[in-house]
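Trainee: Could we go through this model together? I would like to begin with the pocket lining.

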Amino acid sequence: NNTMLSGFNHLTLAVTDLDRSVRFYHQLLQLQLDATWDAGAYLSLPGLWLCLSLDPLRTAQPAADYTHYAFTVAADDFSALVARLRAEDVQEWRDNHSEGASFYFLDPDGHKLEAHVGDLASRLQACRAKPYAGMQFYP
């Protein structure tokens with residue numbers, strides 16, 4: 001394997017109200033808050049470094065496309081998480097149509113997020129049983 005990349009490093013999201021976004025990701029989604037400064041914050045989950053960056057150019061309109069950021073949630077915690085998000089009137093942007101329980105929601109700046117039960121292995125297993133149109137699998 002000659003790839004020079006060794007993994008996903010970090011995700012930076014442009015936000016318009018840093019305090020509101022820190023509350024959303026830290027208090028509501030329960031990411032660990034690692035650092036804050038005037039124009040940003042670092043939060044984390046195992047395997048994820050999230051940077052929130054204050055950016056007045058960001059609009060709260062969600063993009064029209066399917067680009068989104070998915071977080072893993074255990075099956076046993078899924079219903080409680082969805083209930084907590086709905087209790088906070090978090091806006092949903094899509095219904096789930098694929099393998100594994102998913103809840104699709106927006107952050108305060110319109111970033112498209114997903115809470116998902118399952119991983120690549122479970123998705124590939126489901127796809128081998130019922131492949132998408134034109135799907136090929138590689139070793």
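Trainee: By class, what does the lining of the largest pocket have?
Mentor: The lining has 10 nonpolar, two polar and two charged residues. Here Ala, Val, Leu, Ile, Met, Phe, Trp, Tyr, Cys and Pro count as nonpolar, Asp, Glu, Lys and Arg as charged, and the others, Gly among them, as polar. A pocket is an open set of points on a 1 Å grid over the protein atoms alone, where a 1.4 Å probe fits and protein lies on both sides within 12 Å along at least five of seven lines; lining residues have an atom within 4 Å of a point.

Trainee: Before we go on, what sort of model is this?
Mentor: This is a predicted model, in which local features need pLDDT of at least 70 and side-chain atom pairs count only at pLDDT 80 or more, while totals for chains, interfaces and linings use all residues. Residues are numbered from 1 along each chain as its sequence is written, and side-chain values use heavy atoms, with hydrogens and water left out.

Trainee: Back to the pocket, then. How much space lies in it?
Mentor: The largest pocket holds about 280 Å³, a volume being the space filled by probe spheres set on the grid points, which are joined across faces, edges and corners.

Trainee: Which residues are the closest to its centre?
Mentor: They are Leu29, Thr72, Val73, Leu81 and Arg84, out of 14 lining residues.

Trainee: And which element gives the largest share of the lining?
Mentor: Helix H2 does, with four residues. Strand E5 (69-72) and H2 each supply at least two. Helices (H or I, at least four residues) and strands (E, at least two) are DSSP runs numbered from the N terminus.

Trainee: What is the overall secondary structure of the chain?
Mentor: There are three helices and eight strands, in the order β-α-β-β-β-β-α-β-β-β-α along the sequence. The C-alpha trace spans about 50 × 45 × 30 Å along its principal axes.

Trainee: How much of the chain do buried residues make up?
Mentor: Of the 139 residues, 32% are buried; buried means under 20% relative accessible area, exposed over 50%, and partly exposed in between (1.4 Å probe, protein chains only).

Trainee: Now the core. Which residues of the largest nonpolar core touch the most other members?
Mentor: Phe24, Tyr25, Leu29, Leu50, Leu52, Leu85 and Phe105 do, in a core of 27 residues. Two or more residues each come from strand E1 (11-15), helix H1 (18-28), strand E3 (40-45), strand E4 (48-54), helix H2 (75-87), strand E7 (102-106) and strand E8 (112-116). H1 gives the largest share, five residues. Such a core is a set of buried Ala, Val, Leu, Ile, Met, Phe, Trp, Tyr and Cys residues joined through side-chain atoms within 4.5 Å.

Trainee: Which residues of H1 are buried?
Mentor: Leu18, Ser21, Val22, Phe24, Tyr25 and Leu28 are the buried ones. Just after the helix, Gln30 has a positive phi of about 65 degrees.

Trainee: What is Phe105 in contact with, leaving aside its neighbours within four places in sequence?
Mentor: Its partners include Phe24, Leu29, Leu85 and Trp93, contact meaning heavy atoms within 4.5 Å.

Trainee: Is Leu106 buried or exposed?
Mentor: Leu106 counts as buried because its relative accessible area is 7%. This residue is in strand E7 and touches, among others beyond four places in sequence, Phe24, Pro62 and Trp93.

Trainee: Let us turn to polar contacts. Which residue does the side chain of Ser44 join?
Mentor: Ser44 and Asp34 are joined by a polar contact of 2.6 Å between their side chains. A polar contact is a pair of N or O atoms within 3.5 Å; within protein, one must be able to donate a hydrogen and the other to accept it, and residues adjacent in sequence count only if both atoms are side-chain atoms. Ser44 lies in strand E3 and is buried, at 19% relative accessible area.

Trainee: And the side chain of His116, what does it contact?
Mentor: It makes a polar contact of 3.3 Å with the side chain of Glu114. His116, in strand E8, is counted as buried because its relative accessibility is 10%.

Trainee: Lastly, why does H3 lie largely in the open?
Mentor: Of its 10 residues, the number buried is one, so H3 lies largely in the open. Ala126 is in this helix, which covers residues 120-129, and is partly exposed at 27% relative accessibility. Asp119 caps the N-terminal end of H3 through a side-chain oxygen 3.2 Å from the backbone nitrogen of Ala121.
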